[in-house]
Amino acid sequence: MFIRTALLVLKKDFAIELKTGEMFYTTLLFAVATVMIFSFSFVKDGVPIEGTAAGIVWIAVLFAGNLALGRTFERERYGETIRALLLSPAPRAAVYVGKLLGIVLLMVAAEVLLVPMVAVLFQQPMFAQPALLIAVFLCGTIGFAAVGTLFAAMLLRVGTRAILLPIVLYPMTVPVIIAGVLGTSALLEETPNIPMARFWLALLVAYDVVFVVLSLWTFEPLMTE
Amino acid sequence: MKKAFLPIAIVAAAMFAYAPIAIDNAPYQSTMLLIQKIFYFHVPSWVALTCALTVCGVASAIYLFKGSPEADRYAVAGAELTALFGLFGLASGMLWARKAWGIWWEWDARLTMAFMLELIFVGYLLVRKFGGPGAEKLAAGMGIFGAATAPFIYKSVDWWRTIHPKTSVVRTLDSPDNSPPMFHVLVFCMVAFVLLFLVLLSLRVRLEQQRAALDRLYLEEED
């Protein structure tokens with residue numbers, strides 16, 4: 001029942017997205033634009049500054065994630081469908097999981113585009129350790145999206161949500177940003193620093209466990225009027 | 001808490017009055033000499049912050065699940081005091097860093113994380129101020145999540161190479177070859193800060209109670 005509801009919410013979002021494509025295209029374009037803006041700051045004499053690639057990918061992904069989070073719930077509010085979702089006789093936490101999966105998928109799509117792009121444009125050995133790289137990105141994305149989905153949902157009834165979401169979200173997810181960036185740059189070194197990357201991955205997993213559990217636990221009371 | 005307020009306030013005031021003398025009497029630390037004295041206010045302010053953070057987190061959870069307005073008052077008070085002691089801790093830390101490391105700020109794990117904790121709670125206060133109706137619930141969520149981030153921040157020093165002293169430095173103060181007065185003075189200051197925290201907390205909670213009472217009276221008058 002729980003998993004089925006979550007998948008139904010995901011399927012619904014996915015169907016809307018397939019029809020309109022508004023979040024998919026806007027988020028991806030925004031992420032690419034962010035990378036281009038970084039190229040002005042972090043390229044000197046035509047050569048990318050060393051050690052900036054990991055930060056560029058992560059910041060672009062997280063900015064795009066913030067945009068997507070705002071949009072996915074804005075759509076629910078616009079159509080007054082969030083009330084219907086919450087009134088339905090389904091466990092609230094399942095609604096949360098469905099929304100979370102949607103955001104994670106969208107952010108993963110952005111990463112699939114951005115990682116090769118940065119690898120090519122900034123001449124980075126992104127795929128020296130593919131398994132670890134995927135694990136770091138996936139865990140980081142889940143951590144960010146877990147907190148982000150909860151706060152975006154909470155902010156629905158607040159008028160100033162567009163500005164409050166990033167204010168609330170970025171400080172809260174700083175451990176994810178730090179661990180993600182440092183874990184990725186450990187993999188980008190000339191000889192990949194595997195123990196370092198493993199260590200940051202462990203921190204990301206710990207963060208994910210704590211915050212996903214906390215979100216599942218607080219989603220119901222937070223969304224109750 | 002009402003009855004204990006006056007004695008706690010008096011003891012806190014007396015301890016703060018005596019604190020400079022105690023700190024002056026403590027022996028010099030071997031490498032940093034006079035500069036190290038800021039330690040006696042820097043560490044206790046983070047201890048007080050931990051208390052404030054705990055109160056905020058626990059009160060937020062109680063408010064969220066039980067809906068008691070009294071818990072919400074404790075949550076606001078805790079969050080404001082977290083921001084206050086965090087600011088004091090950051091300011092005293094920067095002064096110390098300027099003299100000990102030669103720079104005002106260093107982008108290492110603990111400092112960055114502490115700065116972020118401060119931002120979370122400034123954000124909390126912004127949410128309260130600009131969140132409109134229903135902001136209490138939102139703030140409660142932030143309080144719980146902010147308190148949950150704190151352990152990550154506390155452990156960050158041991159996890160990441162850093163120039164900030166490890167948290168175990170406090171225990172070494174008590175070792176026999178180190179002069180015990182240093183440890184005693186530190187504990188003295190910690191107690192003083194925690195008492196100050198209790199005084200401020202009960203004042204802030206009382207303010208919220210009076211506000212709620214005033215609102216109630218207004219509503220009764222209008223009916």
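Predicted model: local features only at pLDDT ≥ 70, side-chain atom pairs only at ≥ 80, totals over all residues.
1. Starting with the interface: 24 residues of chain B are in contact with 21 residues of chain A, where contact asks for C-beta atoms, placed from the backbone, within 7 Å. On the chain B side, helix 2 (39–66), helix 4 (109–130) and helix 5 (135–159) each supply at least two residues. Helix 5 of chain B gives the most, with 11 residues.

2. By class, that side of chain B has 17 nonpolar, 6 polar and 1 charged residues. Nonpolar here takes in Ala, Val, Leu, Ile, Met, Phe, Trp, Tyr, Cys and Pro; Asp, Glu, Lys and Arg are charged, and the others, Gly among them, polar.

3. Residues are numbered from 1 along each chain as its sequence is written, with chains lettered from A and ligands numbered from 1 in the order in which they are written.

4. Chain B has 7 helices and 0 strands, counted as DSSP runs numbered from the N terminus (helices H or I, at least four residues; strands E, at least two). Among its contacts between residues at least 6 apart in sequence, 75% join residues at least 24 apart.

5. Over in chain A, helix 5 (residues 92–121) has 30 residues and reaches 43 Å from first C-alpha to last, close to the 44 Å expected (1.5 Å times one less than the number of residues). A:Q123, which follows helix 5 of chain A, has a positive phi, near 50°.

Notes
Contact = placed C-beta atoms within 7 Å.
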